[in-house]
Amino acid sequence: EAGAAGEADDAVGLATRHLVQPWPYAGSAGAEARTLIGEGDGIYITDAMGKRLIDGPAGMWCTNVGHRREELARVMYDQSMQLSYNTPWYTMNAPSAQLAQRIAGHAPGDLSHVFFTTGGSTAVETALRFMQFYNNVKGRPDKKLILSRGGAYHGSTYLSASLNGRPRSHDWMDGLDAIAVKLTAPDPFRRPQGMSIEAFGDFLVEEFRDTVARIGAERIGAFIGEPVQASGGVIVPPDNYLKRIREICRVNDILFIADEVVTAFGRLGSIFASGEVFGLDPDMITFAKGVTSGYFPLGGVVISERLLEGLRRSNHPDALFGHGLTYTSHPVGCAVALKNLDLLEGGVLAHAREVAPYFQARLKSLEELPLVGEVRGMGLMACVECVADRESKNPLELDTNVGERIDRHCQELGLLVRPLINMCVMSPPLVITRGQIDTLVDILREGISRTM
Ligand code: PLP
């Protein structure tokens, strides 16, 4: 044990001297220790002290089939031994072609082709650059503005980050303000007081329509939205709102991009939620995370046949889409994703659909606690939003970081939480059982009670 403890001390020491963690505060940048995780198994991860925690956020909404899946480890080994990498510039590999076919088979409408990336930000970046290229080729170089929404999270690259909707993403960072127009977050909990959810949906649609009319459809290239806003706090939009937005986009020739980096590959019980859950047929869908259950960094964009046909028939067949990543169509990532799809189709999706209502109902019971303003969610993603005052729905002061305090209590009790200021997000591995859901909710209840 001395060895393990020594190793842990060592890792923490090394990290605080040499590692810059994601999303650091200036005051601790490059000098911060976070909970050191040594192992994962099923829905559990184990910290350096040997304490087993339920992986409440499934990594970052990604470890969908759970940790330590031997099938996935084996396929990585086998594919690496067969072909670890090939240049996608002048060559191709079979796993990426097979994966593109399988993904297209699950995608709604005429989404028929896939461009693979390294993750979600690069998927969003690719979709947006494709929109720009498409409009250049179609001879309408002014049709490039992008509509996005408050509460949105689309990534940490320059273009994708410029579309994020939470002030936290922007306060100290530069962005390409000129490319984006931000609309109201479709958050029913934060709708104007006295307004019904239905009326709020109408308000959002009107705002969208008015914005298009004010700016002019000839200047707007795309709308991008998460079907359920994830990092914004699991915001489930009003019924039919997304379908109505989609229609406005269709009429105005504005590309509708569904950012399914979180919602695809099982989180809402289907491979893609836009079609199966929301009845949408986007022009492009971005995905990442669950496509490999986090075993390998991979993402992509599913693109409609109509758009590609538009390019092939354009007046500029020699126009070059100058966009590609070294790891586009990575053979190991694609092989892992194929096996991961086998697991999802072979029972994990069905299980996720089966336990989701139980998961939501059990978490909903936390609304009894005075600190909890709302518990909301869909499928196997949920958010517990804490408020200082239930009447006014005032969020707790930013600097109280109530989510982090709840997380600390929960970690002591055996659950890792994803704290988001005054919110706790829960998105466990999809293989979670009813008994494990009970434990998760019991710990969260106790953690929140200790925080009050
Ligand atoms: N889009 C959405 C909806 C996300 O939630 C995320 C990450 O959480 C991203 C894009 C960015 O993905 P990545 O972190 O893989 O670059």
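Which of the 16 residues around the ligand come nearest? They are G119, G120, S121, G155 and V261, where a residue counts as near a molecule or strand if its C-beta atom, placed from the backbone, lies within 6 Å of it. The model is a predicted one: local features need pLDDT of at least 70, side-chain atom pairs count only at pLDDT 80 or more, and totals for chains, interfaces and linings use all residues. Residues are numbered from 1 along each chain as its sequence is written.

By class, the ligand shell splits into seven nonpolar, seven polar and two charged residues; here Ala, Val, Leu, Ile, Met, Phe, Trp, Tyr, Cys and Pro are nonpolar, Asp, Glu, Lys and Arg are charged, and the others, Gly among them, are polar. Helix α5 (residues 120-137) supplies the largest share of that shell, three residues. Helices (H or I, at least four residues) and strands (E, at least two) are DSSP runs, numbered from the N terminus.

α5 lies across β4, β5, β7 (220-225), β8 (255-259), β9 and β10, at about 30 degrees to β10. Contact here means C-beta atoms, placed from the backbone, within 7 Å; axes are lines fitted to C-alpha atoms, for helices over the stretch in contact, with angles running from 0 to 180 degrees between N-to-C directions. Helix α7 (residues 197-215) lies across β5, β6 and β7 and makes about 150 degrees with β6.

The sheet in question is open, with seven strands in the order β4-β10-β9-β8-β7-β5-β6 and mixed pairing; two strands pair if DSSP finds at least two bridges between them. Its edge strands, β4 and β6 (180-183), each pair on one side only, and the twist averages 20 degrees from one strand to the next. At the β6 end, strand β5 (residues 145-149) runs parallel to β6 over four bridges, with L147 partnered by V181.

Strand β10 (residues 299-304) is largely enclosed by the rest of the structure, because six of its six residues are buried, that is, have 20 or more other C-beta atoms within 10 Å of their own C-beta, placed from the backbone (12 or fewer is exposed, in between partly exposed). G299, V301 and I303 point one way, G300, V302 and S304 the other. Its antiparallel neighbours are β4 (residues 111-117), joined by six bridges, and β9 (residues 284-287), joined by four. T117 pairs with G299, and T286 with V301.

Key: Contact = placed C-beta atoms within 7 Å.
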